[in-house]
Amino acid sequence: MSHVLAAVAWPYANGPRHIGHVSGFGVPSDVFSRYMRMAGHDVLMVSGTDEHGTPIQVQADADGVTPRQLADRYNRVIVEDLHGLGLSYDLFTRTTTRNHYAIVQELFEGLHRNGYIVARTTLGAISPSTGRTLPDRYIEGTCPICGYDGARGDQCDNCGNQLDPEQLVNPRSRINGETPQFVETEHFFLDLPAFAEAIGGWLDRRENWRPNVLKFSRNLLDDLQPRAITRDLEWGVPIPLDGWRDRADKRIYVWFDAVIGYLSASVEWARRTGDPEAWRQWWSADAQGKDALGYYFMGKDNIVFHSVIWPALLLGYSGEGDKAGAPGDLGKLNLPTEVVSSEYLTMEGKKFSSSRRVVIYVRDFLERYDADALRYFIAAAGPESNDTDFTWAEFVRRNNDELVAGWGNLVNRSVSMAAKNFGEIPAAGELTDEDRAVLAVAKTGFTTVGELIGKHRQKAAIGEAMRVVAEANKYLSEQAPWKLKSDEDKPRQATVLHVALQVVSDANTLLTPFLPHSAQKVFELLGGVGVHAPMPRIEEVEDLDGGPSYPILTGDYTVGTRWESVPLVAGTPLAAPKPVFRKLDPSVVEEELARLGGEDS
Ligand SMILES: [Zn+2]
């Protein structure tokens with residue numbers, strides 16, 4: 001048994017999240033975490049909202065609120081959405097907690113002490129008319145990489161590249177249109193080249209990574225440059241060095257603070273459990289390779305942060321880059337075991353776009369459809385290793401043909417037949433070869449499905465689980481227990497239904513990581529009592545260090561069914577079942593398409 005860290009990408013709190021976001025990191029990390037817990041591992045699943053940086057400041061300015069107020073609004077929306085999907089975070093927090101600030105500053109100081117953070121003179125913008133610093137977000141111009149005319153001083157929203165203000169072609173102030181003047185100013189840089197060798201060696205020892213992720217990561221090492229980790233911005237974590245701490249115009253860059261969230265959230269979780277050192281079981285490098293494993297889930301645009309930059313921060317803090325050094329108070333820290341990156345989801349052939357209304361937000365989706373219907377689609381047809389298109393027609397087809405007609409129908413007909421004929425789970429008599437064969441298919445599923453989830457091949461895993469369902473449906477059709485009604489046939493009917501219900505129970509366990517809401521219902525239909533699939537809850541908590549209160553996602557996941565076949569007990573009372581899944585009317589395809597924005601011309 002291992003300590004398994006499930007480190008899930010941090011959604012940015014500048015708006016509600018759409019289903020493309022949760023298909024990349026949210027659902028796959030939850031499937032993995034649920035399975036690992038069921039298999040007996042100690043899982044710590046952490047994340048939170050990413051709340052600093054220019055885009056939040058810009059939007060807050062536009063909305064006439066403070067960045068904190070904007071972040072408060074969307075932190076809550078996102079917490080509620082992830083709760084609705086049943087994502088079983090041990091802690092889903094945010095980057096504006098005082099705990100997070102303290103851990104970010106501790107890493108900054110440790111890296112600085114070990115020589116991996118260097119001050120450099122760069123060009124900063126000032127307004128010629130006032131002589132004041134112009135923060136990055138107030139400078140706009142043409143992107144030198146893609147030619148987009150609305151690029152900002154720290155990033156181009158069109159091509160996604162990070163920029164420095166002086167790289168912009170035709171820079172201008174967004175306040176009054178004047179051309180900024182560039183003067184020398186100091187910023188801090190992370191000395192990434194000092195980690196090239198250590199990261200290269202670590203990547204060489206990686207096994208089982210998706211090949212494209214490993215190749216992409218290796219290529220990044222070819223051209224490592226020192227990277228700016230502070231900006232001209234007021235919204236962010238203060239720089240924890242003398243002479244800098246109290247400066248209102250310089251902050252730590254948002255990417256530097258957000259990636260540290262995995263660690264700060266683990267520390268916060270431990271502090272909230274009453275054992276403040278408990279996080280070390282998932283992070284202490286002394287345990288690496290033995291029993292502490294870390295899996296990081298994200299979309300492919302974030303690979304660089306997890307396979308190069310985050311390892312660099314961990315190595316530098318631990319004193320293991322070219323310049324050596326000594327670890328700080330947090331000790332030597334584990335590098336990721338695996339970076340699990342998914343590809344992109346598109347919608348009806350187009351890139352998700354809020355402005356063009358090519359989007360469906362998680363909240364709107366959950367108002368109209370069940371969480372498990374979306375979870376099923378993402379697992380069976382999501383962007384696991386290829387860019388994938390979400391279409392409403394395919395969503396409805398999979399829901400109706402696979403969930404309802406396949407799995408739902410198996411549950412419904414086997415439970416209702418047993419309830420009607422026996423009122424309880426009937427006892428099995430002597431088993432035939434056919435009985436033993438279908439039971440064996442279900443038992444084997446625990447090995448095949450489990451191994452596939454452990455290797456992040458969830459599409460194949462849910463395919464195997466649904467194959468058990470198909471075999472059971474075939475078994476029922478062939479055995480036709482509804483025909484076995486005479487007194488003479490009754491014992492055989494009991495046996496067939498007992499076998500069918502046992503396979504339903506096993507298939508339900510195999511599907512539990514994917515479909516936790518319906519798995520709980522099926523468990524109860526089979527007479528189960530108590531928690532089968534534990535669910536997260538939203539809790540309003542105080543900031544541990546005196547900041548404002550906020551909502552978190554957390555839960556008790558020590559309860560629930562294990563990853564094994566549990567023999568059904570004959571005589572357990574059964575009631576007539578209610579349908580577990582909802583069949584969707586094909587007209588919803590037209591309705592949803594009508595909600596989407598028009599042509600993107
Ligand atoms: Zn660009």
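UniProt positions are given in the numbering used here, and the annotations may be inferred rather than shown by experiment. In this predicted model, the UniProt record, an unreviewed entry, places the feature "domain: Methionyl-tRNA synthetase anticodon-binding" at residues 425-534.

A packing contact was examined between helix α1, formed by residues 19-38, and helix α14, formed by residues 433-454. Two packed helices are described by the angle between their axes and the distance between the axes. For α1 and α14 the angle is about 130° and the axes lie 10 Å apart. Angles over 145 degrees would count as roughly antiparallel and those of 65 to 115 as roughly perpendicular; α1 is therefore oblique to α14. The crossing of α1 past α14 is left-handed.

The model also contains a zinc ion, coordinated at 2.3 Å by the SG atoms of C143, C146, C156 and C159. Along the chain, these donors follow the spacing C-x2-C-x9-C-x2-C. Within this set, C146 and C159 link distant parts of the chain, 13 residues apart: C146 lies in the loop between β5 (139-142) and β6 (151-152), whereas C159 lies in the loop between β6 and β7 (169-173). The angles among the 4 donor atoms run from 106 to 117°, and the site is tetrahedral. For four tetrahedral donors, the ideal angle at a metal is 109.5 degrees.

C146 counts as partly exposed because its relative accessibility is 33%. C159, with a relative accessible area of 31%, is likewise partly exposed.

Conventions:
Residues numbered from 1 in each chain as written. Predicted model: local features only at pLDDT ≥ 70, side-chain atom pairs only at ≥ 80, totals over all residues. Heavy atoms only, no water. Donors = N, O, S within 2.8 Å, 3.2 Å for Na, K, Ca; no water. Tetrahedral: all angles 85-135°; square planar, octahedral: opposite > 155°, others 65-115°. Helix = DSSP H or I, 4+ residues; strand = E, 2+ residues; numbered from the N terminus. Buried < 20%, exposed > 50% of the residue type's maximum accessible area, 1.4 Å probe, protein only. Axes fitted to C-alpha atoms, helices over the stretch in contact; angles between N-to-C directions. Parallel < 35°, antiparallel > 145°, perpendicular 65-115°, else oblique. Left-handed = near helix turned anticlockwise from the far one by under 90°.
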